[in-house]
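Subject: Structure handover

Dear colleague,

Please find the structure below. My notes on it follow.

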Amino acid sequence: LQRGALADAERAAREAVRLSPRSPVARNLLGVILGRAGRRDSALSEFSAAIRLDPAFVGARNNMATLLAERGRVAEAIAEFRRVLEIDPRHAQALSNVASLYAGAGDYARAAEHFARAREAAPGDPQLALAFIGAAYRAGRKAEADAAADQLERSAASDPRALFTLAMALAQSRQYERAARLFEQVARLAPRNYEVLYNLGVALYNLDRNDEAARHLAEAADLNPAPAETHFRLGLIASDRGDQANAVEEFRHAVEREPKNPNYQYLLGREYFRAGFYEGAVKAFTEAMAAEPKNAAYVLARADANYRKGEWVAAAADFDLAASLDPGNDKITYWQGYAHRAAGNFDLARRHLEAYVAKHPDDAEALASLGYVAIEQGRFEDAEPALTRALQLAPKHAAVLYDYARLAVKRRDYPEAVARLRRVIERHPTHTQAHYQLFLAYSRLKQTESAQQALAEFKRLEALEKRSTEERIADERLRTQRMLGQR
């Protein structure tokens, strides 16, 4: 067994069992060999046989509990470890193993307690000290954790490997200040080491010391540009600074190295979205969805990008998918209604908006959308109360004011339409369509001079909008080229 000759070891152990069928030691040894060979069910049977022969055999119980834990049968493993400790309260391995299971289950109080007992049983074990530090910090036993960390740091002296291991344990326990100090010490002892610089950068990032973090992470990336995680962290820092160009570049580097990582794709898409490059955002979000098709956040992100891109049908389909993935999210119901409204699916838009308003009767935007849909469907009697209530809630809202005025135009109540449209223009003088509708209303009332004035203002604003749109398209083209790294 010690030299790895498992087949020979198994033959010898089985012969021992044949010669001494009531020997718990032989059964336990055979179980260990079978476990090493990956035959876990058979190994568990041998451990059980050893325990039946000697219920106080802590070695067999500990081996069985360990194997149960490896198979994911945590509750059974913990119960078996407890039986070991009833027999031998200072069994260091059982204490450590059950502590690890408690930690894995998030019960850090019990984990810290058992790691502390294991340290008493094996006081010189640095791995037990590290495990205790992690559990104790999470359990709120900071003073004890600090004392253990102080002791380990003193014993490590100038050993970079030992200091690095302690720094990692501290970072994993979110003790970033102390971890960063130790990583800096290691960096002085072992300069230009990728792992040290990377972890130092991450610790500094978690302390919001982004300038220092970026410097160390950039040096780490220079030493070893292959790991995607380094570029991902640099992308996060650039994004936090609002530096979209560098954020996009770093997230693209991360995606190039790990194209199947949905989080990298999502963050790249988010930067594209912030930059107004919706085509790139849709593509990146689609890649994220391919890896995690049931992640509602990715679907919502693509839905929003499609909507901003003017792909109303695609946006509505994405919002419908997001609603099926996150059925308890009322806001998605509203977005479904809004997207279907934009796509011209007014029956679906009405259904979703009415469902949302039933739960949120004072949402001005949703009421306004219901009013808009009612106008488009010719249900003027339904549009009036929805828009009136929306105006009460948001009296300065341009879209609500305009749709309220447009309702009067649709009803051919032109005097009322003029009054409502003038109210829109008073609050929003550059509302181009309000001037056009005012031109139509004055024309129906045969007020030629006022109609011509309204038409002239409409044409002036329309020309400005056209120029603005052309500039926006040119800007978007340049932005797209820049986002794709083109000249």
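**Notes on the model**

Setting aside residues up to four places away in sequence, Asn199 touches Phe164, Met168 and Phe183, where contact means heavy atoms within 4.5 Å. Asn199 sits in helix H12; helices (H or I, at least four residues) are DSSP runs, numbered from the N terminus. With a relative accessible area of 13%, Asn199 is buried. The classes used here are buried for under 20% relative accessible area, exposed for over 50% and partly exposed in between, with a 1.4 Å probe and protein chains only.

Before the rest, the basis of the values: this is a predicted model, in which local features need pLDDT of at least 70 and side-chain atom pairs count only at pLDDT 80 or more, while totals for chains, interfaces and linings use all residues. Residues are numbered from 1 along each chain as its sequence is written, and side-chain values use heavy atoms, with hydrogens and water left out.

**Helix H10**

Helix H10 covers residues 160-172, and its end C-alpha atoms are 18 Å apart; this agrees with the 18 Å that 13 residues should span at 1.5 Å a residue. The expected span is taken as 1.5 Å times one less than the number of residues.

At the N-terminal end, H10 is capped by Asp159, with a side-chain oxygen 3.1 Å from the backbone nitrogen of Arg161. The polar contact criterion is a pair of N or O atoms within 3.5 Å; within protein, one must be able to donate a hydrogen and the other to accept it, and residues adjacent in sequence count only if both atoms are side-chain atoms. After H10 comes Arg174, with a positive phi near 65°.

The buried residues in H10 are Leu163, Phe164, Leu166, Ala167, Ala169, Leu170 and Ala171. The helices they pack against are H8 (126-138), H9 (142-156), H11 (176-189) and H12 (194-206).

**Nonpolar cores**

In soluble globular proteins, nonpolar side chains tend to be buried together. A nonpolar core here is a set of buried Ala, Val, Leu, Ile, Met, Phe, Trp, Tyr and Cys residues joined through side-chain atoms within 4.5 Å. The largest one has 98 residues, of which Ile133, Leu166, Leu170 and Phe183 touch the most other members. H12 gives the most to this core, nine residues. A second, separate core has 40 residues, including Val373, Leu391, Tyr402 and Tyr404.

What does Leu166 contact, leaving aside its neighbours within four places in sequence? The partners are Leu130, Ile133, Ala149, Leu152, Glu153 and Leu182.

**Salt bridges**

The whole structure contains 35 salt bridges, each defined by a side-chain nitrogen of Lys or Arg within 4 Å of a carboxyl oxygen of Asp or Glu.

- Lys142 and Asp146 meet at 2.8 Å, N to O. They are four residues apart in helix H9, so about one helical turn separates them. Lys142 is partly exposed at 44% relative accessibility, whereas Asp146 is buried at 19%.
- Arg302 and Asp318 meet at 2.7 Å, N to O. This pair links distant parts of the chain, with Arg302 in helix H18 (residues 296-309) and Asp318, 16 residues apart from it, in helix H19 (residues 312-325). Both residues are buried.
- Arg350 and Glu354 meet at 3.0 Å, N to O. They are also four residues apart, in helix H21 (residues 346-359), so about one helical turn lies between them. Arg350 is partly exposed at 29%, and Glu354 is partly exposed at 37%.

**Loop residues**

Ala122 lies in the loop between helix H7 (108-121) and H8 and is partly exposed at 23% relative accessibility. Not counting residues up to four places away in sequence, Ala122 touches Ala92 and Leu128. Its C-alpha atom is 9.1 Å from that of Gln93, 29 residues apart along the chain.

Arg192, in the loop between H11 and H12, has a positive phi near 55° although it is a residue other than glycine. Arg192 is exposed at 55% relative accessibility. Arg412 is not a glycine either, and has a positive phi of about 65°. Arg412 is in the loop between helix H24 (398-410) and helix H25 (414-427) and is exposed at 66%.

Regards

Methods
Helix = DSSP H or I, 4+ residues; strand = E, 2+ residues; numbered from the N terminus.
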